[in-house]
Amino acid sequence: MITNIFALEKTVKLNSGYEMPVLGLGTWTLTGQVCENAVYSALKDGYRLIDTAKYYGNEKEVGNGIAKAVKDGICKREEVFITTKIVPWSSNPEKDIEDSLKQLEVDYIDLCLLHQSGGQTSDDRVYKAMEKYAKAGKIRSIGISNFYTERAVNHFIKDFEIKPAVIQNENHIYCQGTVLKANCAKYGIFIESYYPFGGRGHTGENFNNPVIVKIAEKHGKTAAQVIVRWHLQACFIAIPGSSNPAHILENYSVWDFELSDEEMKEIKAINRNKRYENW
C-alpha cells in the first residue's frame with residue numbers, strides 16, 4: 001500500500017523496484033535552446049526527474065541539457081530519472097523506443113509511458129513493446145498516461161506481465177483523481193500529475209483560488225509552492241513545467257514547510273473533478 005511518505009522523502013520506490021523522484025520538470029512545449037537551458041537549470045537547482053515525450057519533439061534537447069549537467073559535475077546520469085512516452089498510433093513502437101534512446105543519448109530510459117489511448121489494439125502493441133524493452137533492461141519502469149477510469153487501468157494491471165508503475169494524468173486542485181489514486185494504490189501504482197497548476201492558460205484560476213491564497217500567505221510561500229506541496233502530501237508525483245529559471249527554482253523550493261491536516265482538507269474541498277483537456 002502507498003502511504004503518505006511524500007511529505008518526508010524526495011523519492012518513492014516503484015513497484016518495479018526502482019526509486020523515482022516525487023518532483024520533476026515537465027518539458028511540454030519547450031523546444032530548442034530554451035528546453036536545454038530549462039533542463040540544465042532544473043538539475044542545477046536539485047531536480048532529478050525530467051519528463052519528456054516523443055510527441056514533444058524535444059528529446060534531443062532534454063538529452064543535451066542532462067549531458068551538459070553531467071559534464072559540469074552537477075549530477076551523474078544514474079541520479080537523473082528520465083521519463084519519455086510513446087504515442088499509441090506508432091506503427092513501430094520498438095523503433096520509436098530505440099529512437100528515444102538515441103535522441104536522449106542514454107543506454108536506458110527510467111520510465112516509458114504509453115502516451116494516451118488509441119484503441120486497445122494499438123495500446124496493446126505499444127505496451128507489449130515497452131514490456132519487451134523492460135525485460136531487456138533498456139527501460140526500467142513502464143506505465144500509462146491519460147487513462148482515468150478503473151476499467152481502463154485494470155486492463156494493464158491484469159492482462160500483461162508487467163503492471164504499470166506510474167500513471168501520468170491531468171491532476172490539479174480542481175481535478176484531484178482521488179478514486180483512481182485509491183484503486184491504483186492497491187497495486188503499488190503511483191499517480192503522476194501533469195498540469196499540476198491547471199496547465200497553460202489556467203494557472204490564474206488555480207493560483208488565485210482564495211483557499212490557496214490564504215494558505216500561501218500563512219506560510220509565507222507562493223501559490224505555486226502551496227499547490228506543489230499539496231500534490232506531494234496528497235501522494236501525487238508532480239512535474240510542473242517552466243522555462244523561467246526563477247519559476248523552476250520556486251517550484252522546487254517546497255521542502256521547508258508542510259501543510260497541516262486542516263489545510264489539506266480545505267484544498268481537498270476545492271475539487272470539482274474538472275479537467276481542462278479532453279484527451
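Predicted model: local features only at pLDDT ≥ 70, side-chain atom pairs only at ≥ 80, totals over all residues.
Colleague: At what angle do α5 and α6 pack?

Modeller: Helix α5 (residues 150-158) and helix α6 (residues 178-185) pack at about 25 degrees, and their axes are 11 Å apart. Helices are DSSP runs of H or I, at least four residues, and strands are E runs of at least two, numbered from the N terminus. Axes are lines fitted to C-alpha atoms, for helices over the stretch in contact, with angles from 0 to 180 degrees between N-to-C directions. So α5 is roughly parallel to α6 (under 35 degrees; over 145 is roughly antiparallel, 65 to 115 roughly perpendicular, the rest oblique).

Colleague: Which residues in α5 and α6 meet?

Modeller: Glu150, Val153 and Asn154 in α5 meet Leu180, Asn183 and Cys184 in α6 (contact is heavy atoms within 4.5 Å). The contact of α5 with α6 has three nonpolar, two polar and one charged residues.

Colleague: And how do α8 and α11 cross?

Modeller: The axes of α8 (residues 210-219) and α11 (residues 261-268) come within 10 Å and cross at roughly 160 degrees, so α8 and α11 are roughly antiparallel. Their crossing is left-handed.

Colleague: Which residues of α8 take part?

Modeller: Val211, Ile212, Lys214, Ile215, Lys218 and His219 in α8 meet Glu263, Glu266 and Ile267 in α11.

Colleague: New topic. Is Asn206 buried or exposed?

Modeller: Asn206 is buried, at a relative accessible area of 0% (buried is under 20%, exposed over 50%, partly exposed in between, with a 1.4 Å probe and protein chains only). Asn206 lies in helix α7 (residues 203-207). Beyond its neighbours within four places in sequence, Asn206 has contacts that include His172, Phe197, Ile212 and Tyr276.

Colleague: What about the sheet: how many strands?

Modeller: The open sheet has eight strands, in the order β3-β4-β5-β6-β7-β8-β9-β10, with parallel pairing (strands pair if DSSP finds at least two bridges between them). β3 (25-26) and β10 (236-238) are the edge strands, each pairing on one side only.

Colleague: How many bridges pair β5 and β6?

Modeller: Four bridges join β5 (residues 81-86) and β6 (residues 109-114) in the parallel sense. Thr83 stands opposite Leu111 in β6.

Key
Residues numbered from 1 in each chain as written. Heavy atoms only, no water. Nonpolar A, V, L, I, M, F, W, Y, C, P; charged D, E, K, R; others polar. Left-handed = near helix turned anticlockwise from the far one by under 90°.
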